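Good morning, and thank you for coming. May I ask you to look at the sequence and the structure now being shown, and to keep both in view while I speak.

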Amino acid sequence: MSDPQILLLEKSRDPRLVGGKAAGLAALIAAGFPVPRGLCITTAVYRLCLETGGIDGTAAWKQLHQSSEEQRALQQGRVRDVLSTQPWAPGFQSEVDRHLAALACNPLTGWAVRSSATNEDAAEGSAAGLYRTTLGVSSSEVLAAIRDCWISVWDERMFQYSRRSGGESACPEMAVVIQPMLEAKIAGVAYSIHPVTGRTSQVAINAVFGLASLLVSGNVTPDQYVVEMAGEPLQPLRIHRRLVPKRQRLVATANGLQAETIPSADQEQSSLSDGQLFDLALLAKQIEAAFRHPIDLEWAWDAQRLWILQSRPITAVRPSHALTNDECEWTRANFKETMPELPSPLGLSYLEQFMDAYMIAPYRRLGCTVPETLSSVRVFHGRPYLNVTLFYSLVVQLYGNPAFLTEQMGGEPLAFTPPVRPMGPLALIRAGLVMMREWRKVRRQASANFSAMKELDENYRADRIQHLSLPEVTETLDYLRRWLHDHELTFWILGGVAQSLQALGTILPGWLGRDWRELLNASLQGQGTVISAQQIVRLAELVEVAKNEAVVQRWFLSESELEKDYRKALAGTSFLTLFERYVADYGHRGVGESDVMSPRMADQPEAILTVLRTQVRSGETASVKEIVSRQTQRREAALAEITKRFGRWRHRRLIFGWWYRRLCRFCALREANRHHLMYYSTVVRRLLLRVGDLMVDQGTLTQREDVFFLTLGESSVLGQESARDWRTLVQDRREERSRQETLLVPDTIRNWAEICDQTSRSIGVTTGGELRGIVVSAGMARGPVRIVRSTADWKGVRRGDIVVVPVIDPGMVPLFGLAAGLIAEMGGTLSHGAIIAREYGLPVLVNVPHATSLLREDEQVHIASATGTIRRVIS
């Protein structure tokens, strides 16, 4: 029995006969999803056309793989000629007309004629956009459109895709889907998982007004949405939007497709409402569940309802349940306390390294799951942000109370809390044993560590390192890095503080009432064990001495410039002795001290003298005795009130006393640890400035502080890459810093992509000449720029080039095998070109306005999908 030549769409179930697209639509219809009616011209008609024209499709396809490029072009042309001119089988045209008449709403109905090849929309490959689709054709043009679909099998780009996908794979055969055109108000594409990260809780949607053909071809920039799903079953939770101005829409008319101008009032509006986005996201997840794999949908909304026009398996993205950085919430609160408003590039490098090595790695030691997709620190316009969502998940895994997270870290509470699975009982016991072992280590080693860090400060005083050569400085810095790795205790000390606070925060509200925090804070005052707080007493002592020494008092009351030689003016006074002792003890501290670039108090003693002058002149400063007495009274009064409220419950006093003493001990350790880490940081700062001096002497840098404008990796090879233009690099970063100083940034970021859009309104050129785009395929690449505006430019493309194009046309497949990465001026995450690029594994950024003009031929650039940026590489 011969195969049927025409089938209604709902009966088109055999992929061998109807191709991937038709079979997918038939499956959707069978599962009850909304698909427009249609018919399928089967592969039997395609095979018959080849056979009657004397072509053995399988043999001809195999021969292509064995031919030279020139021979291949001749063979492809011969097959295309046969498919274009071979007469139709008797009765076929009238049969097509009969089916079209049955489907047509009226005599002027336009038709969508779409390819449905046997290798299209398959699990092992999508062939997205490589075959021909023709929209808005009249009934008299349908047969020609069928031939166009056939011919596209023998196009060079299809051959290149097939060879890359499966070598000498079987020759694809072409079926054709024919459906009445919809009067689409809105259309687009949807991914049931995130197309770059694979995040299963996110549905990505691209949408345009009118028909979506320009969207899927990558020729327009669509509105882009990500719908966050949560719960069981999944329900829409929140929407991330990236809207663009929309000037025109493509519509189907009696005369074919036409572009219409969108009314100005609608151009800035979202193409989809929240309700439509939720409906579409739910539908995508329902189809995914029905077919048991992630899916890529083409859809359209007409005046009546939502329709599915195509469904294919997602082939190039692995589903992932792991959170991504863009889903997380970020805060500056913790870093603003210890870093300057704009930390140096080197300071940011140290911060990222410290957080990964000494904050995140210990959580892994405790058995916590830390997704590789998340980072603890992210930088926005030069400011570091802490990943609150990540720390929330770590606290919950350890059965901690996340309600205390904001209180301890600062900032705003999380608006979105992801589901987190706490660790199992055995894992929790193991984590507890690890913590207890480390706390014992803290008690044994902390004092010795602190002494050693202070000794480092003495051993590496500025006057003692002036003779060191660059290799010696580098070796010393490496030694200090290893030393810190072996002696770092910060995480375990902070863990002791957090545990004690959580324990007291759990029991005290019920025992003391609503003002428990105020009482606890008062009970921690004036213990004399917190080294940072001791500065208050030391400064008060200096003011007292200054008032009692006539020479010092006159000097402070005069208009003398404090930065002048104060040592000469105050020589022989008790004040100077005490002041220099204070500087010796606290001069390594500073404002924004966690950044090695920040000056220390010892570098600018006039800042301290200014504070003291103000106090001397005011005449209202409390004495040391008064300060100590006031703090002691507050502490004792708070403790007395706490004890009073415990009443006759002796066990409460015992429990509170144990946790209170533990909290006091760890709070003192926390401040002592920071105080002595700043000795270490100051030593590193001195050594880096020594590197800067040596590089200035060599002419590599302009001034010694330029070293702080390098990253950790760059500073480590500074002396080895003398040919590199370090001066220009530093100058660019100084200019970037100056521009960043003018920008206002939020303290909390809940939607990273949205904030990026708001602060650099158009995605494109950012400060410093860096380019920014939308990531459609993940990865990193570095290489020379190759501008490709037409096929005439193909000859210049070499392996490893970063190919820069106006749009990613699927016809560029031959270039994909050479390119290291792609940059496009327009496009979306769900265009056909993006789908193919992901299958090739190329890093791709789109929506980079004027990229073909802003980037220069042979210019070295670096693409980073993690940040969505294109950075010029200075050689």
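First, a word on the source. This is a predicted model, in which local features need pLDDT of at least 70 and side-chain atom pairs count only at pLDDT 80 or more, while totals for chains, interfaces and linings use all residues. Residues are numbered from 1 along each chain as its sequence is written, and side-chain values use heavy atoms, with hydrogens and water left out.

Let us begin with the cores. A nonpolar core is a set of buried Ala, Val, Leu, Ile, Met, Phe, Trp, Tyr and Cys residues joined through side-chain atoms within 4.5 Å. Buried means under 20% relative accessible area, exposed means over 50%, and partly exposed lies in between, with a 1.4 Å probe and protein chains only. In soluble globular proteins, nonpolar side chains tend to be buried together.

Which residues touch the most other members of the largest nonpolar core? Among its 121 residues, they are Phe391, Leu508, Phe556, Phe575, Phe579 and Leu612. The element that gives the most to this core is helix 24 (residues 650–698), with 20 residues. Helices here are DSSP runs of H or I, at least four residues long, numbered from the N terminus. Another core, of 41 residues, lies apart from the largest one, and includes Trp111 and Trp154.

Next, please find helix 11 (residues 345–365). It has 21 residues and reaches 29 Å from its first C-alpha to its last, close to the 30 Å expected at 1.5 Å a residue; the expected span is 1.5 Å times one less than the number of residues. Helix 11 bends by about 30° at methionine 355, where the bend is the angle between axes fitted to the seven residues ending there and the seven starting there. Met355 is buried, as are Leu351 and Tyr358, among others in helix 11. Just after this helix, glycine 367 takes a positive phi of about 100°.

How many does a search of the whole structure find? It finds 44.

One of them joins the side chains of arginine 98 and glutamate 95, at 2.6 Å from N to O. Both residues lie in helix 5 (residues 92–103), 3 residues apart, about one turn of the helix.

A second salt bridge pairs glutamate 341 with arginine 332 at 2.9 Å, N to O. Glutamate 341 is partly exposed, because its relative accessible area is 40%, whereas arginine 332 is buried, at 4%.

A further pair is arginine 856 and glutamate 859, at 3.9 Å, N to O. Arginine 856 is exposed, with a relative accessible area of 52%, while glutamate 859 counts as buried at 9%. Elsewhere, salt bridges that share partners join Asp3, Asp14, Arg16, Arg47 and Glu173 into one network.

Notes. Helix = DSSP H or I, 4+ residues; strand = E, 2+ residues; numbered from the N terminus. Salt bridge = Lys/Arg side-chain N within 4 Å of Asp/Glu carboxyl O.
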